[in-house]
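I opened the notebook to record, step by step, what I looked up in one structure.

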Amino acid sequence: MALIALGVSGGIGAYKAVEIARGLQTRGHDVAAIMTRSARRFVGPVTFEAITRRRVITDQFAAGANSDIEHIQLATDIGLLVVAPATANVIGKFAHGIADDFLSSLYLATRAPVLMAPAMNTNMLEHEAVRANLTTLAARGVRFVDPGDGYLACGWIGKGRLAEPEQVVEAADAILAPPGSLLGRCAVVTAGPTYEDIDAVRYIGNRSSGRMGYALAAEAARRGARVILISGPSMLPPPSNVEVIRVRSASEMQAAVNAHLSSADLLVMAAAVADYTPDQRTDGKIEKSDGPLGLTLVRTPDILADAGRARGSANRPVLIGFAAESGDPVERGRAKLRAKRADMIVANDISRADTGFDSETNAVTILTATGDEAIPLASKSRIAALILDRAEKLLSPVPARSV
Ligand code: C5P
């Protein structure tokens, strides 16, 4: 794992950099935080010191220290320079080679890859000067995590918010990751719920945040796979380096899965697909009356089972499903492994508060033809890594692609 310099410049998003530092550490990296003068107006260095357990660099010429050459030492030691948030000012300084503080000097002195997460007011972001600076940096090989849309500190709603910490951490990790174990493979991952529309305003759907599927997509991308994430409605920001296809209903999800099935080496059905859909969708809104309302629900296609049938006796793609159960997850998961002709079922108990739906954590049992393996409570990104470790063993050595 690498030593990462985390440059924090002066935007309201500076507080999110604390989460970024923690996330990088969780993935096993060592973090040296550098704060610009204006960053220190938003967050105190002590916060970063407590998290990184390192002195936070705040000054190029700190008294008593050899800090005027410290940036040269750090520049050679780091595997990556991350700047989050990156203000218009720091972007401008990097683009023009101005070295008037520790962070801008470090940028010139290092040969490590650089990742920046811009954050600023929408008009600043769209200003020709900033766009030109971003283009200059991109042409030099600097990588970016694009800002998101939403409420900005200035009261505007628009593009310019610092990307979510997890997106920055993933992008950093992807740059540092050794050539991935899934290089040359294609993973189709479904995530989130599906919504089955009753009329123009009402729907039925399953509870699902999409976290498990998004974590699997992120992990597969980190391992070098081409990842197609087919997502039902979810509030989560998509991981970097994945192709996202947004769908709403089970039938839309199936169409998207089928469109990519022939290129997939892995199909991971982490989506909580609705099992039933109204037999007809009413245009407009059904007016309510005092009496009960009858709805006829019909079964949705079973996407995983259909993929199992379509695969027949071939060994590609490897098929992975989930079984979220409140009864005996292992017994029911095993029945699903057979019924859906899957290679792996990840069974979890949704009756626990710390697993399943909206939780950041999960505890699962991985079921395959060769046996069951219980994975105790862990973060969903850790569970995703363990699932893919097992899935890689099921991949045939050379993907059998038709010519
Ligand atoms: O049958 P059950 O819904 O419990 O199976 C869960 C697994 O099957 C999950 O992997 C889910 O994504 C998948 N599934 C599906 N199509 C459905 C329902 C579930 O592919 N209509």
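The entries below follow the order in which I looked things up, and I note at the outset that the model is predicted.

**Entry 1: aromatic pairs.** I started with the rings and asked how many aromatic pairs the count gives. The count comes to two aromatic pairs. For Phe94 and Tyr107, I found ring centres 4.2 Å apart and planes at 5°, and since planes under 30 degrees apart count as stacked, the pair is stacked. I then placed the two residues: Phe94 belongs to helix H4 (residues 88-96) and Tyr107 to helix H5 (residues 102-109), so the pair ties together parts that are 13 residues apart in sequence. I also checked their cover, and both Phe94 and Tyr107 are buried.

Tyr195 and Tyr203 form an aromatic pair that is stacked as well, with 3.9 Å from centre to centre and 20° between the planes.

**Entry 2: charges over rings.** Staying with Tyr203, I found Arg248 over the face of its ring, 5.5 Å from the ring centre. I noted a further case in Arg299, which lies over the face of Tyr276 at 5.8 Å from the ring centre.

Entry 3: I returned to H4 and asked how many of its nine residues are buried. The number is seven, and I recorded the helix as mostly covered; the buried residues are Ala88, Val90, Ile91, Gly92, Lys93, Phe94 and Ala95. Looking for what they pack against, I listed S3, H5, strand S4 (114-118), helix H6 (122-126) and helix H7 (128-139). After H4 comes Gly97, with a positive phi near 70°.

Leaving aside neighbours within four places in sequence, I found Thr87 in contact with Ser9, Gly10, Gly11, Ala119 and Met120.

**Entry 4: the ligand.** I counted 13 residues surrounding the ligand, the closest being Met269, Ala271, Pro301, Phe322 and Lys336. For the backbone, I noted that a polar backbone atom of Ala271 is 2.7 Å from an oxygen atom of the ligand, that a polar backbone atom of Ile303 is 3.0 Å from a nitrogen atom of the ligand, and that a backbone N or O atom of Leu304 is 2.8 Å from an oxygen atom of the ligand. Taken alone the ligand exposes 450 Å², of which the protein buries 87%.

**Entry 5: backbone angles.** I looked for exceptions here because most residues other than glycine have a negative phi, and most peptide bonds are trans. The peptide bond from Ala84 to Pro85 is cis, with omega near -5°, and Pro85 is in strand S3. Another cis peptide bond joins Arg316 and Pro317, with omega about 0°, and Pro317 is in the loop between helix H11 (303-311) and strand S16 (318-325).

Asn241 has a positive phi of about 65°, lies in the loop between strand S11 (226-231) and strand S12 (243-246), and counts as exposed at 56% relative accessibility. Arg341 has a positive phi near 55°, lies in the loop between helix H12 (329-339) and strand S17 (344-349), and is partly exposed at 45%.

Definitions and conventions
Residues numbered from 1 in each chain as written. Predicted model: local features only at pLDDT ≥ 70, side-chain atom pairs only at ≥ 80, totals over all residues. Heavy atoms only, no water. Phe/Tyr/Trp six-rings, centres within 6.5 Å; stacked < 30°, edge-to-face > 60°. Helix = DSSP H or I, 4+ residues; strand = E, 2+ residues; numbered from the N terminus. Buried < 20%, exposed > 50% of the residue type's maximum accessible area, 1.4 Å probe, protein only. Lys NZ or Arg CZ within 6 Å of the ring centre and 35° of its normal. Contact = heavy atoms within 4.5 Å. Near = heavy atom within 4 Å. Polar contact = N/O pair within 3.5 Å; in protein donor to acceptor, adjacent residues only side chain to side chain. Areas by Shrake-Rupley, 256 points an atom, 1.4 Å probe, with all protein chains shown as cover.
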